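Please walk me through this structure in plain terms.

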Amino acid sequence: MTWLVPISIDSDAQSAFDQFLSELERRLSDPATDRNELCREVLAQVMYGREYAELLAQMPIAALNLDPRHVTFEAEYYMATDQEKFARVKPLLWLWKTLDQTPFGQNPVTGIPLRRILAGHIFKKVGKNFKCWQNVEFSVGYNMEVGDDVVVHRHVLLDDIGGIELHDGASVSDYVNIYSHTHSVLDGPDVTLRKTVIGRGARLTYHSTILAGSVVSDDAMLATHALLRDDIPPHGIAMGLPAKVTRYKLRPSQTDYRVNAAEWPREADRKANPEFPDPTPNQTRKPGEGGEDVVTGEG
């Protein structure tokens, strides 16, 4: 069941779009395709209406920035990034990110099926009917595991460097941030990777943040602007900063959970920087707890 209504466009335009996307899928599925060249060719066609070679001769600065080999991503500077895996997905991430700023990417008729195609060649796993709106950012992309009928809305950050799972029917609202890495409070370069898991039918609502290693169980919900640093049980609704479970959905009794935080098998933490190979100890205390609090400023 959905609250959305079907919309169609001019059949000739739809046919042209379908042909373009079908050819893109065909080329991506061909192991002989150079993804860097494919990316720059598609961007030159969509953004400037000409061949890449022609654009390079006429507007070299514009052309050079269409080739993924001439740009860098933040993830390329991370020790935790698998450079070989990232090199394979980087052209597709650049194509995704850049087309999102064009009419082709802003148009749901073309943008959503385009992202569905690209996800199939970037993610570790993606199910059927994946719907992703514009301006979604990934850390590396190749650590995303996405089930069936998942929806990700606009301006979402999916920091998948440590792994993110979005199970069937999960919904991620606008401006949500999901993290899978954490920094020591004393030594910023001491980074720990923890997979973050979002269960079946779970909803992460507007502007909420999920910290690394959190497990949101099936049918759970995280409220608007909430900050989750732990877990949410099945059907639970968590609110606040930090988020706490304050309500439960009225649902029939159930036992066939796929994701139940209380029973979910946790992966061991992974350290991202070989200079900090050991588990990060507790590095904070509460005010007045075993130490002298320093107060500065004039009264």
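Helix 5 and helix 7 have axes that come within 10 Å and cross at roughly 160°. Axes here are lines fitted to C-alpha atoms, for helices over the stretch in contact, with angles running from 0 to 180 degrees between N-to-C directions. Helix 5 is therefore roughly antiparallel to helix 7; angles under 35 degrees count as roughly parallel, over 145 as roughly antiparallel, 65 to 115 as roughly perpendicular and the rest as oblique. The contact (heavy atoms within 4.5 Å) brings V89, L92, L93, L95, W96 and L99 of helix 5 against L114, R115, L118, A119, H121 and I122 of helix 7. By class, this contact of helix 5 with helix 7 has 10 nonpolar, 1 polar and 1 charged residues. Ala, Val, Leu, Ile, Met, Phe, Trp, Tyr, Cys and Pro count as nonpolar, Asp, Glu, Lys and Arg as charged, and the others, Gly among them, as polar.

The model is predicted: local features need pLDDT of at least 70 and side-chain atom pairs pLDDT 80 or more, while totals for chains, interfaces and linings use all residues. Residues are numbered from 1 along each chain as its sequence is written, and side-chain values use heavy atoms, with hydrogens and water left out. Helices (H or I, at least four residues) and strands (E, at least two) are DSSP runs numbered from the N terminus.

Helix 5 (residues 83-99) also packs with helix 2 (residues 35-48), at an angle of about 10° and with the axes 8 Å apart. Helix 2 is thus roughly parallel to helix 5. From helix 2, R35, N36, C39, V42, L43, V46 and M47 meet R88, P91, L92, W94, L95, T98 and L99 in helix 5. The contact of helix 2 with helix 5 has, by class, 10 nonpolar, 2 polar and 2 charged residues.

Next come the rings. The structure holds 8 aromatic pairs, where rings of Phe, Tyr and Trp (its six-membered ring) pair if their centres lie within 6.5 Å, and planes under 30 degrees apart count as stacked, over 60 as edge-to-face and the rest as tilted. In one of them, the rings of W96 and F123 have centres 6.2 Å apart and planes at 35°, so the pair is tilted. W96 lies in helix 5 and F123 in the loop between helix 7 (108-122) and strand 1 (125-126), so the pair ties together parts that are 27 residues apart in sequence. W96 is buried, with a relative accessible area of 2%, and F123 counts as buried at 9%. Buried means under 20% relative accessible area, exposed over 50%, and partly exposed in between (1.4 Å probe, protein chains only). Ring pairs link W96, F123, F130 and F138 into a cluster.

The backbone has some details to check. Most residues other than glycine have a negative phi, and most peptide bonds are trans. N135, in the loop between strand 2 (131-132) and strand 3 (137-138), has a positive phi near 65° and is buried at 18% relative accessibility. H155 has a positive phi near 60°, lies in the loop between strand 5 (151-152) and strand 6 (157-158), and is partly exposed at 31%. A cis peptide bond joins L241 and P242, with omega about -5°; P242 is in the loop between strand 19 (236-239) and strand 20 (244-248).
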